[in-house]
Amino acid sequence: MDGVDDILDENQVAEEEEDEDEELDEEMVDIAGRGDEQDRDQDDDPEDQDNQDDQEEYPDQSQDQNQDEDEDMDADDDENDENDENDDGDEDNNEEESRRNGNAEDSDAEEDDDDDDDDDDDDNTGKSRPRSDALSKESSPAPRSRGPSSAFDKIHEYYTQLHNSSKLADLYSIYPTAAIPIQTHVHSIAMSMGLKYLFLGGEDGFVRKYDFLNTIEGKLSLTILQKHSLVESISNAGILLSYWENEVPQTRNDIKISKTGKEYEPVVSPVHAMEVQSECLFLLSGLKNGGITMQGCRFMEGHIAHYFQKHTNTVNQLKLSNDEDRFISGGWDKQIIDWDLQTGKYVNEFKGATAQISSLEFRPLFSTVEIHAASTEDEPEDETRVKKDDDDLDSLFGDEEEEEKRRAQEKEQDTQSSENGKTQDFGRDEISKKTLKTVLEDNVFLTSCTNGAVQVWDRRISTKPAIGLTRGPQVPPWCLSACWSTDGDRIYVGRRNAVVEEFDLKMAKTPSKTLKFPGISGPVSCVRTMPNNKHVLCASYDNVRIYDVSQYGSSKVPFLIVPGHHGGMISNLYVDPTCRFLISTSGDRGWQGVSTDATLIYDIDME
């Protein structure tokens, strides 16, 4: 290293000597130029003689002028010296950088010097040369690959990819990894955007908020006593962040104030239904007295911002729309009400439910069955229609041709509207960019009742249900859960006699399939379909099973048991939009049954 330093020092000394020689040469050139200018001034005799005469007559003025000229010359010399020093410094810096960076940077520096020389020539000539090449390079940036523009877009793309891969899976492997011990019946469940927070509502009247992401990552472990009654694969415990009462609003006359006068006794209601906004700006909770409260869950937890009043009995169903500006509620009073969150008032009331509402689900996108077409097959002939037909028979000529034309036009309009709706649906994303949840069709939803009735509703028609599904023979009148298939063309209904009925909307009069389980398994309290449109999760009293509908009728056993749950009623089954996690809650939902006192979280592997 010492030898290299000596060589560099010698080179630097040689370069400094060369710079000093160049400075001396430039000074000699300047002196020679000044001598030539003096000779030229001597050649101009008449003007010089006049100037000399003027100087003799006015010596003071001539001295002042000479002093000004000398000062100007000194200023010019100083500027030239500064420029020379700057040039020398720049040359030294350029040479040092060229030695460090290599030959490539030397070539770039030479090109830059050439460009600077060209620019100086253009300035001297007074003409501006257009730099079309440089401008074109600056104005046209390098081509970039088309991709998400922000981190949120990347997350949405990631969710979409996982959702699409889950639809192509042939088999799902489900096993529990975490448990949340709760010594009460859990009636409702809600999840925020990105699986950040998990909300559970129980019979004890408390809303519990959990950190779901850290729970599945194993930040907290179960104790030995908590693991005793669970499966070996369960080791993680739920991380509780906060909890608050599901309070019922009271009038001032009904409030009971404590002896101190600073506190009051709140009236708490079981959380029969719950729905949370994607960014946790508010939470909707159903009360036992028929009210619905809008509570804070991210800021001012439990603070009631608005109170919705229309139901007269327990509200056990709440579903937000895709835009989260409206929601539908169902209750034990047989009412189904559509609410507007902008005004805080109800905008529509659906009439025709025959018993207490037990489930409410929006239809998925891309369904190939038109609700109106399926409903017209089951509509009986009205007396008015019979009378019109009799009037046409009595007339001499009749209006058959006009009636046929009118019916043909109505059919064309219906087909056009249906095609437009399909094209709009096919252009939509299955995962919402706003909420990162599965996008559903807001205008069509189903409801099930405790008497076994299952009805399909059109949101634009509130006078009666569009389709009514009748249970099969030897099926008791009971239903706690019903859900759509992934394509929205079929409906699965859980029954009391350990069966799940499948209804095809193209032929909705009778069940198309009956999925049977062992008689000792008990009633099917909850059903949920998987994204591949072939598997159905069915929760009975003894176990949770995943049924392969494609194996229906074969000699093989068409279902597998999902480990973890045993000996209690399942109130909810939640599958996240990416189909990575499953959550099961246990509770009787206010009717009858036994709870396992635990909420289980499962991992889903796709094969």
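Two strands are said to pair if DSSP finds at least two bridges between them, a rule that the legends below rely on for this predicted model.

**View 1. Strands β27 and β28 pair at one end of a five-stranded sheet.** Strand β28 covers residues 581–586, and with β27 it pairs in the antiparallel sense over 5 bridges. Within this pairing, N572 has T585 in β28 as its bridge partner. The two strands belong to an open sheet of 5 strands, ordered β5-β1-β29-β28-β27, in which the pairing is mixed. The edges of this sheet are taken by β5 (236–237) and β27 (570–575), each of which has a single partner strand, so one side of each is left without a neighbour in the sheet.

**View 2. The whole protein chain, as a setting for the close-ups that follow.** The protein chain contains 11 helices and 29 strands, and of its 607 residues 39% count as buried. Its accessible surface comes to about 35,700 Å², and 46% of that surface belongs to carbon and sulfur atoms.

**View 3. Four strands, β23 to β26, form an open antiparallel sheet.** The order of the 4 strands across the sheet is β23-β24-β25-β26, and the pairing is antiparallel. At the edges stand β23 (526–529) and β26 (559–562), each of which pairs on one side only. From one strand to the next, the twist averages 20 degrees. Strand β24 (residues 535–539) is joined to β23 by 4 bridges, and the two run antiparallel; here C526 stands opposite A539 in β24.

**View 4. Strand β12 pairs with β11 and also with β13.** Strand β12 (residues 326–331) is mostly covered, with 5 of its 6 residues buried. Strand β11 (residues 315–320) pairs with β12 in the antiparallel sense over 5 bridges, and V315 has G331 in β12 as its bridge partner. The hairpin of β11 and β12 has 5 residues between the strands, and in this hairpin E324 takes a positive phi near 60 degrees. Strand β13 (residues 336–340) is likewise joined to β12 over 5 bridges in the antiparallel sense, with R326 standing opposite D340 in β13. In the hairpin of β12 and β13, which has 4 residues between the strands, K334 is the residue that takes a positive phi, near 70 degrees.

**View 5. E275 in strand β7 and the residues around it.** E275 has its place in strand β7 (residues 273–276). Its relative accessibility is 16%, and because buried means under 20% relative accessible area, E275 counts as buried. Leaving aside residues up to four places away in sequence, E275 touches A190, L283, L284, L318, K319 and L320. E275 and I189 are 86 residues apart in sequence, while their C-alpha atoms are 7.7 Å apart in space.

**View 6. The aromatic pair of F350 and W457.** The count of aromatic pairs in this model comes to 15. In the pair shown here, the ring centres of F350 and W457 are 6.0 Å apart and their planes stand at 70 degrees, so the pair is edge-to-face, a term that applies to planes over 60 degrees apart. F350 lies in strand β14 (residues 345–350) and W457 in strand β17 (residues 454–458), so the pair ties together parts that are 107 residues apart in sequence. Both partners are buried: F350 has a relative accessible area of 1%, and W457 has a relative accessibility of 0%.

**View 7. An aromatic cluster and two charges over rings.** One aromatic cluster is formed by F308, F327, W339 and Y346. Elsewhere, rings have charged residues over them: the charged end of K209 sits over the ring of Y197, 4.3 Å from the ring centre, and R580 lies over the face of Y159, at 5.9 Å from the centre of that ring.

Note on methods:
Residues are numbered from 1 along each chain as its sequence is written. This is a predicted model: local features need pLDDT of at least 70, side-chain atom pairs count only at pLDDT 80 or more; totals for chains, interfaces and linings use all residues. Side-chain values use heavy atoms; hydrogens and water are left out. Axes are lines fitted to C-alpha atoms, for helices over the stretch in contact, and angles run from 0 to 180 degrees between N-to-C directions. Rings of Phe, Tyr and Trp (its six-membered ring) pair if their centres lie within 6.5 Å; planes under 30 degrees apart count as stacked, over 60 as edge-to-face and the rest as tilted. Buried means under 20% relative accessible area, exposed over 50%, partly exposed in between (1.4 Å probe, protein chains only). A charge sits over a ring if NZ of Lys or CZ of Arg is within 6 Å of the ring centre and within 35 degrees of the ring normal. Accessible areas come from the Shrake-Rupley method with a 1.4 Å probe; for residues, only the protein chains shown count as cover. Contact means heavy atoms within 4.5 Å.
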